[in-house]
Amino acid sequence: MALFPAFADVGEVADSRNPRKVADLDWLHNPSFCVGAVAAPCEQPEEVHRLTSEPSPPTRSPLKSEPSDESAVGPQLKEASRKKKREKKRKRRQEHKRTERRRGRPSSSSSGSGSSSGSEPDTDADRGRSSRSVRKKDSGKPGQESPADTRCQFVWLEDVQALSGETFRMDKKPDPANWEYKCPYRGHIARYKRKGDSCLGLDPRRQRVSWEGAPAGQKRAHRRMERYFTKRSTGLLSLDSVAVSAQAEPPTTEPLGFIPVKDIGEAAPPVTTWLNPLGVYDPSTTQWLQGQGPVEQEPKPSGVQADPASALLKAKVEEFNRKVRENPRDIQLWLAFVAFQGWRAHVALTGGPAGQCQVGGHSATPMGIAAPSSLLCPLPREVGWVAAGLLAEQVKQEFCCRPDEEDEEPDEDEQEIGDRTLPRAQIWLRAERSRDRRHWRPWRPDRTKKQTEEDCEDPERQVLFDDIGQCLIRLASPELRFQLVAAFLQFLGVPCDFTPPASCLYMALDESSIFTGGLGGEKPLSRASPTFSGVSRVGRMDQFGVPCGAPGHDREGEEFIRNIFHLALPLFSGKDKARLCAAWLQHETAKVVWCLHTKAKKKLRSQGKNCRKLAKNLLREPESSSSVGLWRHYAHLEWLLGNTEDARKVFDTALSMVGAGGLRDAQLCELSLLYAQLEVELLPAAQEATASRAVHVLTGLAESTPYKPYPGHVLPVHILKARKAYEHALQDALEESCGSEPGPACRPSRLVSLAKCFMLFQYLTVGIEAAGCVHEQVWAQLKGSAVSEGSGAGSAGQPQKWAGELEAVTLLHTSLLQFHLRVSVHPLAPLREALTESLRLYPGNQALWRAYVQTQSRSHSASKTRRFFDAITRSTESLEPWLFAIETEKARKKRVETVQRVDGGEIHTTIPEIGLTNRIQALFEHAIQTDRGRQCPLLWRMYLHFLVSLGNRERSKGVFYKALQNCPWAKVLYMDALEYFPDEMQEILDLMTEKELRVRLPLEELELLLED
């Protein structure tokens, strides 16, 4: 038997007589080998050439070509194939010899065995590669060929380098899955990781690969910045430091490769102070931190002469900056600095962007004001940077009061574009206002969704500590802390009896609600006069003239306000906590009043239920259960909801709980006064006073005895005793007021509460003249010590003692006169005289102006009204007379046009009224020339709206640009201009960007939204 079964026919011819032995070796028979396959090395090329020219059966090949004729493989292909094979075999032999020498074995060529002839592969790998050579495959029976062997021919791809055309492989086997799914199976597609953007094997002149996206870089792990108080950072402080000192060496002239260090012993020990606790600052740095720079040299004279007023103002600001740096803890100095700026002088001084202010030489956000909360500035809301101002005030509270929790604010997507058929300006205004309503709170990452700062779509909504850190100061006084919280809630739109200074108030006026004064005008006795009317809510910049919506904010905004209350209430106690609870309940009650006015029954039902639940929860608190003011607001809420009997039960419970304090308890007087006012408004005109529940309440208050239920009738003797008690108590209170100081404006005064109760008691038991006598008595006693004649509480002069108390008594007197005109026949002259006399003393009182305008609207004689307005505007610096004078003339013009025009058709000249348009324009021009008028956005909005209604487009544009020169921070002016001049959209938005106003929707984003 031969070594290889393939040569069995040559070596074992004699054994052909033993067929069984040969049959046992059939399983080793390899038909691919034949006798002629083993030839001498010199004969091998010819054999390969012969086998290549013949058709061969398929072999193990990853690439096979289509059947072709012998002419498909030319002489050039054969010659190239032979050369390549010889070169590969030579290289394999050399590599094998080198490998054997390194291993210490003799090479296969020197072994002398039969394998050295080179006819067989040296290794298994060589045998595997040689099997890839092109050769003829015999069929199962020798001498026979399969029909397929003559039709198919397979060529390796590396063997066809001489082909000029591109080589492709065609798969003719059908695959129904490709036809069904319209794509090949992903498992049959070769996958690889590309490195770079190029592709090998392409002609760069006419071939290129366009990748779908740029290769994404390796995502870096987000490492959170460690604070100084972490364990890892504090551990660094405990490490031992290495002392570095220099050795005494002789001086040398050669250049040194390092900077020499002076010996520690040569320097003096550092002096540690509160400003330099480690002693590492040099004298220059320490001097700069103290605000004590080097002596300033006189500036060189320049050719341009500066404005003396601006130079003086700038010098004062620099002096204040130097002083507050030297004495940062001087509260009075900060107050003087803030009062000096008003925050109007700064804007006028800089004349540039309104998005930043400077305090103490440091740049900060608009709310970066290191001043007490009593001077809260509304600039952030008008500029549009509400998030920074909101977070600044919140951080102030956390810094001073240190709450332990923080709130999470979810975000909400809303359809912003709406109708795409509208003009671009209208679409932008709708989307911008929508974002203003939803995005006025600072953005915070949602921890449940694993969000980071990079997930915020609007980076401007992120407020960093560096933006607000400079406005943090510590308030040691509990009263100042409460004022800070009250000012913040007022900034959010919650009524907290907080009245800003006149300069800040006029800068904040931007809506026409100042002329309506809230709701409930049909009940002049029990209606509440808002102290912050005319100021739009945070996040609301509605179109001018459009009625405002419901008070409050959206669901997330109201949740934010509730969180503020939950955080602030545990920080206070006693009366301050009760005042916060009352403010919260008033905020919710305002929504009930709006539902009553708009007759929204469904909202009224749900809102009333929520308010009642809130009031009961607040009264369950131990510290709030004895608060008379909270009981008073709860009873008023039940009365507004129509639950009269339940409200009376609440009033009776509160009066019984307070005790027998009588006329000396101001809280008890206020509770009894509201109870009596509500009962009087329900009292029919023909009913006797002795049968009134209001008289019973006021009589029981004067008797100083525990409250008793209403018996149904009040005895006359009890009325006489109560009148005597009121007279003596009022006289005592007036005598005490001459030598004492008034209480805080936010708390009711005993004198005011007593006077109002006595006036209502006299009105019910005697008449309106008796109530007027009480008012005259109080007026004569307090007028001399209140304010000087004509100066006014809202004018430039400082208000004097008892001015607020006298103003409150005057308001009740005018309310009684208005109510008396509603329920009975009475001359109008007493009310007109009372209003004119009160307005001369208090020209900044909006409630009195509303009552005066409403009273004068019944008269067709405008001469007296105009003369009165002219006299008031000349004698005071308040802006209310100008605003109400303009509104009065506009109302008169509207009434005249309504009478003259019938269904927009023919004009009937029934009233000979001319010159109203010119008079209104003259009033506007005179008003904007005053210091406070030119800084009031509401006045400019009214003027612009009036000119646009007249159709004067060019003059309206001139007024708009003049308004921007005086109020560059008022974003509502730009929004109004987009309403009136939509063609100037690009220019107006460029102006907003130049002034650094908050633009939430850039034009580029608008274009993308419209394309989508």
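A: A salt bridge is a side-chain nitrogen of Lys or Arg within 4 Å of a carboxyl oxygen of Asp or Glu. Side chains of opposite charge can pair when their charged atoms come close. The model is predicted, and a search of the whole structure gives 32 salt bridges.

One of them joins glutamate 984 and lysine 957, whose closest N and O atoms are 3.0 Å apart. Glutamate 984 sits in the loop between α37 (971–980) and α38 (985–994), while lysine 957 belongs to helix α36 (residues 953–966), so the pair ties together parts that are 27 residues apart in sequence. Glutamate 984 has a relative accessible area of 22% and is partly exposed. Lysine 957, with a relative accessible area of 17%, is buried, because buried means under 20%. Elsewhere, salt bridges that share partners bring Glu432, Asp436, Lys971 and Arg1000 into one network.

Another salt bridge is formed by the side chains of arginine 612 and glutamate 638, at 3.0 Å from N to O. This pair also links distant parts of the chain: arginine 612 is in helix α21 (residues 601–619) and glutamate 638 in helix α22 (residues 628–640), 26 residues apart. Arginine 612 is partly exposed, its relative accessible area being 22%, and glutamate 638 is buried, with a value of 3%.

Aspartate 203 and arginine 206 form a salt bridge too, with 3.3 Å between the closest N and O atoms. Arginine 206 has 63% relative accessibility and therefore counts as exposed, since the cut-off for exposed is over 50%.

Now the nonpolar parts. In soluble globular proteins, nonpolar side chains tend to be buried together. Here the largest nonpolar core has 166 residues, and the members that touch the most others are Trp428, Leu509, Tyr726, Leu730, Leu760 and Leu883. Helix α27 (residues 750–765) gives the most to this core, contributing 11 residues. A second, separate core has five residues, among them Phe320, Val324, Leu333 and Trp334.

Some nonpolar residues lie on the surface instead: Leu278, Val280, Tyr281, Trp288 and Leu289 form a patch there, with about 570 Å² of accessible area together. Leucine 289 is placed in helix α9 (residues 283–289). With a relative accessible area of 30%, leucine 289 is partly exposed.

Terms used: Residues are numbered from 1 along each chain as its sequence is written. This is a predicted model: local features need pLDDT of at least 70, side-chain atom pairs count only at pLDDT 80 or more; totals for chains, interfaces and linings use all residues. Side-chain values use heavy atoms; hydrogens and water are left out. Patches are made of residues with over 30% relative accessible area and no salt bridge: like charges are joined within 9 Å, nonpolar side chains (Val, Leu, Ile, Met, Phe, Trp, Tyr) within 5 Å. Accessible areas come from the Shrake-Rupley method with a 1.4 Å probe; for residues, only the protein chains shown count as cover. Helices (H or I, at least four residues) and strands (E, at least two) are DSSP runs, numbered from the N terminus. Buried means under 20% relative accessible area, exposed over 50%, partly exposed in between (1.4 Å probe, protein chains only). A nonpolar core is a set of buried Ala, Val, Leu, Ile, Met, Phe, Trp, Tyr and Cys residues joined through side-chain atoms within 4.5 Å.
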